[in-house]
Amino acid sequence: MKIVMDMDPGVDDAIALILALNSPELEILGITTTYGNVSVEKSTKNVFRILKLVGKTDIPVFTGARKPLLGTPDYAEDIHGEEGLGDVSLSHPKIDPAGNAFDFLREVVRSESDITIVATGPLTNLALTILIDEQFVSHVDKIIHMGGAYNLTKYGYGNVGPLSEFNIYSDPYAASIVFNSGAEIFSVGLDVTRHPDAVFTAQEIREIGDRGGRIGKLLPRMVERMLNSEGYVAIHDAVPVAYLVDSSILKFMDAWVSVETSGLEAYGATILDNREWVPMELRQGAPIKVAYWIDGSKYKDLLWDRVFK
Ligand code: BDR
Ligand code: CA
């Protein structure tokens with residue numbers, strides 16, 4: 001499967017990228033970067049760091065948005081570390097972006113067919129591309145992204161506010177544009193990425209550090225801040241990549257979703273219209289697919305085999 005990755009590394013974005021790089025089922029045509037967990041300069045640098053770490057420096061990288069459509073970025077350096085990769089310092093690579101994200105996205109979907117876009121940060125790059133290029137989504141096979149909290153499981157509540165998940169909260173206008181674009185959207189929210197079967201305990205992280213290979217050994221220091229703040233480690237962004245490798249890892253349902261762009265407590269909330277007595281065509285929001293179930297042990301085994309071992 002041909003994919004383009006759009007990301008803000010970010011510890012879990014970095015692991016998602018390594019999983020994709022180590023998966024022969026996936027061919028990465030390019031990587032676009034965005035602000036999010038850290039500034040776009042830092043996230044771009046981190047993509048180059050990971051490509052160097054894995055020895056795949058031939059994949060082109062394109063710089064994207066510095067800020068959301070409205071407002072200012074609210075980075076997550078408390079969780080992802082000042083540089084974005086936790087407390088590991090990887091060697092300084094040559095930072096050599098091949099261009100800007102918007103031109104690349106527009107061109108790549110026309111030069112290749114059946115491209116899947118995997119977005120693991122705020123959706124600003126995709127929204128801007130959709131705004132400037134009316135035909136863009138008609139050239140895309142599907143968009144799968146990590147974001148949202150849909151209240152479909154006990155774990156589908158917010159991580160920034162009570163209802164809002166970080167990637168959507170970072171730019172709810174962008175999320176709304178992407179969800180309403182007519183593209184086939186697969187949304188992988190906290191409902192599944194934070195499911196206890198899919199997260200790592202402190203002891204599991206220690207074991208990966210002890211028994212793992214080169215990247216496994218880095219993991220405890222990458223995720224230390226997450227562990228301290230949440231008591232477990234959820235590698236949110238690798239979940240959509242894992243699904244592309246093995247579609248039995250997630251189950252999706254058809255849903256109608258609106259993104260809250262006003263208000264205070266609910267700013268950035270993803271509201272799913274699950275009123276079963278309302279006919280589908282009358283439900284509120286954009287028609288997308290939302291993940292409601294995860295095979296956590298299969299997911300963790302895949303990460304062990306392809307990233308940590
Ligand atoms: C999402 O927010 C970011 O901090 C992570 O990288 C992930 O994409 C989880 O809510
Ligand atoms: Ca991310």
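This briefing covers the sheet, the nonpolar core and the ligand shell of the structure above. The model is predicted: local features need pLDDT of at least 70 and side-chain atom pairs count only at pLDDT 80 or more, while totals for chains, interfaces and linings use all residues. Residues are numbered from 1 along each chain as its sequence is written, and chains are lettered from A and ligands numbered from 1 in the order in which they are written.

**Sheet**
- Ten strands form an open sheet with mixed pairing, in the order β4-β3-β2-β1-β5-β6-β7-β10-β8-β9; strands are DSSP E runs of at least two residues and helices H or I runs of at least four, numbered from the N terminus, and two strands pair if DSSP finds at least two bridges between them.
- β4 (99-100) and β9 (270-272) are the edge strands, each with a single partner strand, so one side of each is left without a neighbour in the sheet.
- β8 (residues 250-259) runs antiparallel to β9, and three bridges join the two; Ser 258 has Ile 271 of β9 as its bridge partner.

**Nonpolar core**
- The largest nonpolar core has 99 residues, and Leu 19 and Val 178 have the most contacts inside it.
- Such a core is a set of buried Ala, Val, Leu, Ile, Met, Phe, Trp, Tyr and Cys residues joined through C-beta atoms within 7 Å; buried means that 20 or more other C-beta atoms lie within 10 Å of a residue's own, with C-beta atoms placed from the backbone.

**Ligand 1**
- Ligand 1 is surrounded by 14 residues, the closest being Gly 10, Asp 12, Phe 166, His 236 and Asp 237; a residue is near a molecule if its C-beta atom, placed from the backbone, lies within 6 Å of it.
- Helices α1 (11-21) and α6 (166-170) are the elements that give two or more residues to this shell.

Notes:
Buried ≥ 20, exposed ≤ 12 C-beta atoms within 10 Å, placed from the backbone.
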